Amino acid sequence: MAQLLRRHLPVILSLILFLSKATADANFTVSRAAYYPNSDIEGTENGACEYGAFGATLNNGDVSASASLYRDGVGCGACYQVRCTNPYYCSPNGVTIVITDSGASDGTDFILSQHAFTRMAQSTDAGTALLTVGVVGIEYRRVSCTYPNKNIVFKITESSNFPNYLEFEIWYQQGNQDIIAVQLCETVNLTCQLLSRTHGAVWAAVSPPSGPLSIRMLFSSGAPRGGDTWLVPTNIVPQNWTAGATYDSGVQVQLQ
């Protein structure tokens, strides 16, 4: 028996490794990816999520457009591990990207920044070769966004008009859950109003309450029966908020 086991041990080990890889890869979705050929090496400042210049350099420029994952703006700020599948060029880890735009090309799920596209490769030369190929087979999965030493930030857009119209973006969204609702709360009388997502990552309030404000975010658990969680900031937006300003929420998503 022992001799028989030793004879077939290499086959058994190979089978275990194959099954382990198959189990791991079951979490990935097979697709295709292209890249922005006419943009800067990093992201675009004109993304549908409306992040502007922040969106071009977010996550060190490893960003992407997606049609199916954009989800009318709900997908803005979500992170994905994307790895190309050609073993001659591609690294096993790929790259982690952030959704900042909406778009598709040639049946792809991602249009990556050039920076992100080349980071899927094993080396700089392989990255250059990937750019020449243009569209590559990939597999991807949702992963947690992490921004070390960063809290969630509220950016008041330039379209805001104090005190009649408040519009803001949510920066440095963390974790692997979607922000599905936002409340704007007046902190003195503790009254809140549910806001509307106007487009992309932008939320707005017409005739917002006066006084210091709290912006609360509902993170989806993804479970069919709820379990969603409100994240309440420890810092407040000051009474005399201004267009173009950024305000630190004082909170981070606690990663599991």
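Is the link of Cys49 and Cys76 left-handed or right-handed? The link of Cys49 and Cys76 is left-handed, with -90° about the S-S bond. This is a predicted model: local features need pLDDT of at least 70, side-chain atom pairs count only at pLDDT 80 or more, and totals for chains, interfaces and linings use all residues. Residues are numbered from 1 along each chain as its sequence is written, and side-chain values use heavy atoms, without hydrogens and water.

**Disulfides**

The whole structure holds four disulfides (cysteine sulfur pairs within 2.5 Å).

| Pair | S to S | Torsion about S-S |
|---|---|---|
| Cys49, Cys76 | 2.1 Å | -90° |
| Cys79, Cys145 | 2.0 Å | about 115° |
| Cys84, Cys90 | 1.9 Å | -120° |

Strands are DSSP runs of E, at least two residues; helices are runs of H or I, at least four. Cys79 is buried at 3% relative accessible area (buried means under 20%, with a 1.4 Å probe and protein chains only). Cys145 is buried too, at 1%.

**Second largest pocket**

A pocket is an open set of points on a 1 Å grid where a 1.4 Å probe fits, with protein on both sides within 12 Å along at least five of seven lines; lining residues have an atom within 4 Å of a point. The second largest pocket has a volume of about 180 Å³, the space filled by probe spheres set on the points. Its lining has 17 residues, with Glu50, Gly52, Thr157, Glu158 and Glu169 nearest the centre. Strand β8 gives the largest share, three residues.

Technical notes
Buried < 20%, exposed > 50% of the residue type's maximum accessible area, 1.4 Å probe, protein only.
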